[in-house]
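Colleague: Please take a close look at one part of this model for me. I would like the contact between the two chains, described from the totals down to the atoms.

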Amino acid sequence: MNAIMIVELKKHLQDKGLAFWMLILPILFTILFISVFTTGDNEAVNQEIIQSIVPGYIVMFVFFIMISMVQVFIKDRNKGMTARLASTPLKSYYYLLGKWLPFTFIVIIQIVVLFLFGKVVYDVSLGQPIILLILSLFITFTVTAIGLAMALTVNTENMGIAITQIIALGGAMLSGLWMPLEMMPVFMQTIAHFLPQYWAHQSFQDAMAGTTQVPELLQTLGVLFAIGAAAFIIAIIRYPYFLKRAVK
Amino acid sequence: MLTINNVTKHYDKTEALKGVSITIPGGTCYGLVGPNGAGKSTLIKMITSIIRDYEGKIEFNEKRITDKTKQKLGYVPQDIILEEDISAFSNLQLFGRLYNVKGNSLNQRIKEVLALIGLSERSKDKVSAFSGGMKRRLNIGCALMHNPDLIIMDEPTVGIDPQSRKYIFKMIEDLKTAGKTVIYASHYMEEVEKLCDYVAFLDRGEMIENGAISELLQQYAVPSIYVKGSGIPQDKLEQYGTVSQEEGAFILYTEEALAAMEHIISYCRENRLDVERMELVHPRLEDVFFRLTGSNLRD
């Protein structure tokens with residue numbers, strides 16, 4: 001499994017496209033949107049907006065890892081690497097883990113870098129850093145599990161990219177990452193409660209403000225874990241079909 | 001020794017392999033020959049346990065193929081399957097690690113394999129910058145990282161330059177000298193004839209014949225004479241054997257090739273017929289396949 005992980009990490013580190021999607025684009029969006037929405041004179045309001053935009057864009061952009069996940073698995077399947085590895089003593093589930101784990105590292109690094117960017121450039125408060133870290137680990141699990149399920153289910157890269165856009169952008173809009181949830185219709189506010197982006201965003205904001213309550217934190221972690229676990233189970237169910245298709 | 005015992009594989013309603021049985025002696029080079037779709041790649045995927053759901057039994061040294069047995073098998077796939085975005089060194093490292101080659105042994109083995117495939121100078125270059133022939137050689141190198149006893153090669157010379165082809169032939173000769181068993185699937189009959197000791201002919205999922213190449217040539221192939229000239233009557237040639245025409249020339253298949261040649265030369269001299277070219281053609285593996293199936297491999 002380590003052999004696969006090392007190669008994947010090497011490839012990801014060299015991938016400029018991944019760096020653009022995961023770091024440069026979210027930073028550009030954060031700068032752009034903060035400059036647009038903080039034109040007022042009230043410093044307190046401006047800081048409140050910043051405290052919402054920074055975690056909002058972090059949550060939105062972590063979902064873009066799913067594009068890379070789909071590309072890696074589909075490419076491996078189509079070019080025959082999955083079948084080639086089946087001829088080695090590598091156990092098939094180690095292949096899955098070896099491919100999946102590097103993406104979790106990338107997402108954690110992405111979240112840390114984007115929070116540090118917010119801290120250094122906009123002086124956002126990171127009131128409860130340990131809770132922020134725990135939340136980051138859970139959202140990482142959720143996102144990469146959804147990515148894994150999708151990568152093992154879709155037939156083509158294009159289909160994966162299209163679904164990612166719907167999940168990332170649609171989820172961001174419905175979860176109040178672009179504008180305060182209170183400004184949206186009631187039915188959309190209800191839908192938000194079924195989306196991981198909403199729970200992650202709310203809890204990130206609470207932890208940044210240092211106002212996290214343990215029951216609320218546990219609720220968020222529970223929701224994120226449940227969604228991640230469900231996605232992971234789908235991935236495990238889909239995996240034999242993926243392998244079968246790969247060896248044909 | 002690899003034993004393939006009565007294996008059958010279905011893809012939905014299509015029968016890709018029908019009760020194929022082959023015994024491959026250790027330390028030999030064994031050719032698998034057949035046209036596209038004959039079942040060669042399917043059989044190879046079964047040997048390497050990429051395909052696991054099939055009927056029948058495949059054993060290596062009297063043991064079923066398991067993760068432990070796979071440690072002794074090296075597989076060179078038909079397609080070039082490499083990580084293009086990393087170096088040749090890293091690709092070899094990957095495959096070495098997959099077979100539990102570690103530490104100093106891994107680095108030492110990478111050096112050896114790089115020398116064997118002639119890529120020592122390019123080891124740090126990304127594979128995407130390599131030519132097709134270099135990729136083919138690296139494809140083989142990856143299968144040799146764990147120094148396997150049995151190397152299974154599926155069309156390893158498809159689409160490469162003569163220089164790389166020669167290099168690959170030399171590698172196979174070296175593997176044979178080192179006592180390794182090689183399975184060589186190809187539809188290039190002349191390659192199989194040059195490299196292999198034994199051959200199995202597959203056609204439409206069935207094994208139609210197998211055995212030592214020298215014996216099959218003796219058993220099935222008939223020597224022939226190539227005759228090109230003006231005014232030579234076909235019925236005269238038919239006195240000595242079967243005749244076919246090829247681009248304005250006759251091909252005469254006969255067991256008594258030398259005697260037939262003498263008679264034809266005398267006949268032509270007596271009748272003042274102009275002979276442009278006359279040649280004794282030794283039987284080839286291609287002729288055996290033709291004799292067995294009634295069709296050429298590339299038909």
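**The interface of chain A and chain B**

Modeller: Across the interface of chain A and chain B, the rule finds four salt bridges. Bear in mind that this is a predicted model. One salt bridge joins the side chains of A:Lys11 and B:Glu83, at 2.8 Å from N to O. Polar contacts come next. The rule finds eight residue pairs in polar contact across the interface, with both residues at pLDDT 80 or more.

Now the elements on the chain A side. α1 (2–14), α4 (65–79) and α5 (81–86) of chain A each supply at least two residues of the side that touches chain B. The most comes from α1(A), which gives eight residues. By residue class, that side of chain A divides into 11 nonpolar, four polar and 10 charged.

Then the totals. Chain A puts 25 residues into the contact, and chain B puts in 27 residues. The area buried between chain A and chain B is about 2300 Å². Carbon and sulfur atoms give 59% of that area. Three residues of chain A stand out here: A:Arg84, A:Ser87 and A:Pro89. They supply 28% of the area that chain A buries against chain B, more than any other three residues.

A last check concerns covalent links. A disulfide is a covalent bond between the sulfur atoms of two cysteines. Over all chains, the count of disulfides comes to zero by this rule.

How values were computed: Residues numbered from 1 in each chain as written. Chains lettered and ligands numbered in written order. Predicted model: local features only at pLDDT ≥ 70, side-chain atom pairs only at ≥ 80, totals over all residues. Heavy atoms only, no water. Contact = heavy atoms within 4.5 Å. Buried area = accessible area lost by both parts, 1.4 Å probe. Polar contact = N/O pair within 3.5 Å; in protein donor to acceptor, adjacent residues only side chain to side chain. Helix = DSSP H or I, 4+ residues; strand = E, 2+ residues; numbered from the N terminus. Nonpolar A, V, L, I, M, F, W, Y, C, P; charged D, E, K, R; others polar. Disulfide = S-S within 2.5 Å.
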